[in-house]
Amino acid sequence: MPASPSTARAINDRLALRLLQQEGALTAAQLKHLTGLSRPTVADLVERLTAAGLIAVVGESGEQRRGPNAKLYGIVADRAHLAALDVRTEGVSVLVSDLVGRVLAEASVPIDGDMGTGPALEQAVALVERAAKEAGAERLHTVGIGAPGLIDPGTGELRPSIGLPVWHRRLVAALQERFPESRVSVENETNLAALAEQRDGAARDRDTFVLLWLGLGVGAALVLDGTLRRGASGGAGEIGFLPVPGTPGLPSATDCDGGFHSLAGAAAVAELAAAYGVGAGAMREAEAGGGAAEPSVADPAALVREAVRRQGAEPGARRFLADLAERIALGAAAVVSVLDPGCVVLAGEIGRAGGDDLAARVQERLARLSPLPTEVRPTLLGGEAVLRGALLTARDRAQEELFAQR
């Protein structure tokens, strides 16, 4: 059945808004070309969207021709303000942006592990308030949060998890109470990192890939046929619990010790570095020069960076990287054998520190373990991936709601 005039107008409006979202500011002629609509139809939709306060003239095309330059239309950026949070066990980072994703304010605050739940929540909420004020945002339309842990697919809330602070689970409610008009939601940090790498990072040319998060803990995010897959209970990618050879025991339902976490988590990487003497050379140099001993054995990412830098001169650094790549490849091989993603992105602090060198080593060893061709790439977004993913999801949700009003 042919669409009614009102339905056709709504479809055309959404199409134009989506193009302006993806392409940036466009002229009416460019909208006509990209939509395939007639000139009068484009003129009508531009008038409707302008009257609705969703688009406005943001400049001129700059084309040299007779008469005035063509007007450039863009989404009204200050129609809504958004906040994105990266919640860690040791603190919170936040950024506030406009509707098109332009960052207006950024801030972070450490939160001591011994701090009580109430004071921790107050610090986190106050941080968001200060960032919003700095950005000139009278209200926040959407708040997106990235946090470690499992998200209940039924409620959209963080599930209770051993080892994670209680204030993490209560942060959504605290922000909703402080910003009652805002839409507040939480997503697993690894999933958000994968969405960011898919949109703006290492997996931009991939519809199917797996992101391995290598940091304090280990995890994975699965993007299959362009869609993030969370699993029936929200636990897809919990590879810290994956049984692998080389561990002293087996994981349990409540403890990932003995699983892949015991081979590739931060503590295991630091122990492996110590076994190969990685970091000792840098410490001796620092002590001889009267400086501080860097990198710290408590910082496995710094140890990996140091090994990459010194591998040409120190056999121990080369052996450490080879052993680390072997360990990571064990977990990656299990995921690859089930999903055949064709691409694995190494993210998190350790994945970022290893860069191209570690990715190449993992790919080489993975090729020995699996017959399925798999490219291994390092993150391109590094430590900003979770915040970027939270911002992208917040922006998408806000635009979907505002655009749906058309």
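This is a predicted model: local features need pLDDT of at least 70, side-chain atom pairs count only at pLDDT 80 or more; totals for chains, interfaces and linings use all residues.
**The largest pocket**

Begin by selecting Pro148, Gly149, Ser161, Leu164 and Gly217, the lining residues that lie nearest the centre of the largest pocket. The space around them amounts to about 1200 Å³. In total, 43 residues line this pocket.

Helix α6 (189-200), strand β10 (218-224), helix α10 (300-310) and helix α12 (348-369) each provide at least two lining residues.

Now select Asp86, Arg88, Glu90, Glu349 and Gly383, which are the closest to the centre of the second largest pocket among the 15 residues that line it. Its volume is about 240 Å³.

Display strands β4 (81-88), β5 (91-98) and β6 (103-110) together with α12; each of these elements gives at least two residues to the lining. Colouring by class shows 4 nonpolar, 6 polar and 5 charged residues in this lining. Helix α12 supplies residues to the second largest pocket and also to the largest pocket.

**Valine 362 in helix α12**

Remain on helix α12 and select valine 362, which is found there. Is this residue buried or exposed? Valine 362 has a relative accessible area of 1% and therefore counts as buried, the limit for that class being under 20%.

To see its surroundings, show the side chains of Ala325, Ile328, Ala329, Leu346 and Val376; valine 362 touches these residues, leaving aside those up to four places away in sequence. For a sense of scale, draw a distance from the C-alpha atom of valine 362 to that of glutamate 129: the separation is 43 Å, with the two residues 233 residues apart along the chain.

**Two aspartates with positive phi**

Proceed to aspartate 225, in the loop between β10 and β11 (227-229). Its phi is near 55°, a positive value in a residue other than glycine. Aspartate 225 is classed as exposed because its relative accessible area is 63%, and exposed residues are those over 50%.

Finish at aspartate 340, placed in the loop between α11 (315-339) and β12 (343-347). Here phi is near 50°, again positive in a residue other than glycine. How accessible is aspartate 340? Its relative accessibility is 42%, so aspartate 340 counts as partly exposed.

Key
Residues are numbered from 1 along each chain as its sequence is written. Side-chain values use heavy atoms; hydrogens and water are left out. On a 1 Å grid over the protein atoms alone, a cavity is a set of points where a 1.4 Å probe fits but cannot get out, and a pocket is an open set with protein on both sides within 12 Å along at least five of seven lines; lining residues have an atom within 4 Å of a point. Grid points are joined across faces, edges and corners, and a volume is the space filled by probe spheres set on the points. Helices (H or I, at least four residues) and strands (E, at least two) are DSSP runs, numbered from the N terminus. Ala, Val, Leu, Ile, Met, Phe, Trp, Tyr, Cys and Pro count as nonpolar, Asp, Glu, Lys and Arg as charged, and the others, Gly among them, as polar. Buried means under 20% relative accessible area, exposed over 50%, partly exposed in between (1.4 Å probe, protein chains only). Contact means heavy atoms within 4.5 Å.
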